[in-house]
Amino acid sequence: MINWKKLNNVEMLQSIAEDKSDKSIIIFKHSTSCSISSMALNRLERSWDENEMAQVEAYYLDLLSYRDVSNAIAEKFGIEHQSPQILVIKNGSCIYDNSHMGINYQALKEEALA
C-alpha cells in the first residue's frame, strides 16, 4: 500500500517545488468521480512495492476538492492538466508525467529511481 500524503494546499506544492534534495516526489492527481482515475489509482496501489519505493514521497491530490492546487501544478511545472495524472518531481522540476492508461508502476519506478 502507498503511504500517501494528502496534497491539499498551494503552500505544500510550493514546498515540493522548492525541495532540492535528490529524492523523488510523486504526485497523483485523482478525480474521485472518474472511473478511469479510480482504475489507474487501484492499479498503481496494487503494484506498489514499499521496499522498492522506500525513498519516494507520494502525494495524493483530490483535484475536485482542490482544483486550485491542480491548476497551480500545471502552472508551476509547465504541464497540461490531465486527470488522472502522475508526476515525478525531482530537484524542484517535473521530470516525468503521464495520464490515463499510461499510468503504470514500472514506468513510474524507472523514472522515480533513476
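Biologist: Which residues are linked into a cluster by ring pairs?

Modeller: Please keep in mind that this is a predicted model. The count of aromatic pairs comes to 3, and one of them is the tilted pair of Trp4 and Phe28, with 6.1 Å centre to centre and 45° between the planes. The cluster that ring pairs link is made of Trp4, Phe28 and Tyr60.

Biologist: How many residues apart in sequence are the parts that the pair of Trp4 and Phe28 ties together?

Modeller: Trp4 lies in the segment before strand E1 (5-6), whereas Phe28 belongs to strand E2, so their pair ties together parts whose separation in sequence is 24 residues.

Additional contacts of Phe28, leaving out residues up to four places away in sequence, include Leu41, Leu44, Tyr59 and Ile86.

Biologist: Is Phe28 buried or exposed?

Modeller: A residue counts as buried when its relative accessible area is under 20%. Because the relative accessibility of Phe28 is 0%, this residue falls below that cut-off and is buried.

Biologist: Which element gives the most to the largest nonpolar core?

Modeller: That core has 20 residues, and Phe28 is among the members that touch the most others. Elements giving two or more residues to the core include strand E2 (24-30), helix H2 (35-47) and helix H4 (105-112). With 4 residues, the element that gives the most is H4.

Biologist: Is Met101 buried, partly exposed or exposed?

Modeller: Met101 sits in the loop between strand E5 (93-99) and H4, and together with Ile36 and Met39 it makes a nonpolar surface patch of about 260 Å². Because its relative accessible area is 47%, between the limits of 20% and 50%, Met101 is partly exposed.

Notes
Residues numbered from 1 in each chain as written. Predicted model: local features only at pLDDT ≥ 70, side-chain atom pairs only at ≥ 80, totals over all residues. Heavy atoms only, no water. Core = buried A, V, L, I, M, F, W, Y, C linked by side-chain atoms within 4.5 Å. Buried < 20%, exposed > 50% of the residue type's maximum accessible area, 1.4 Å probe, protein only. Contact = heavy atoms within 4.5 Å. Patch = residues over 30% accessible without salt bridge, like charges linked within 9 Å, V, L, I, M, F, W, Y side chains within 5 Å. Areas by Shrake-Rupley, 256 points an atom, 1.4 Å probe, with all protein chains shown as cover. Salt bridge = Lys/Arg side-chain N within 4 Å of Asp/Glu carboxyl O. Phe/Tyr/Trp six-rings, centres within 6.5 Å; stacked < 30°, edge-to-face > 60°.
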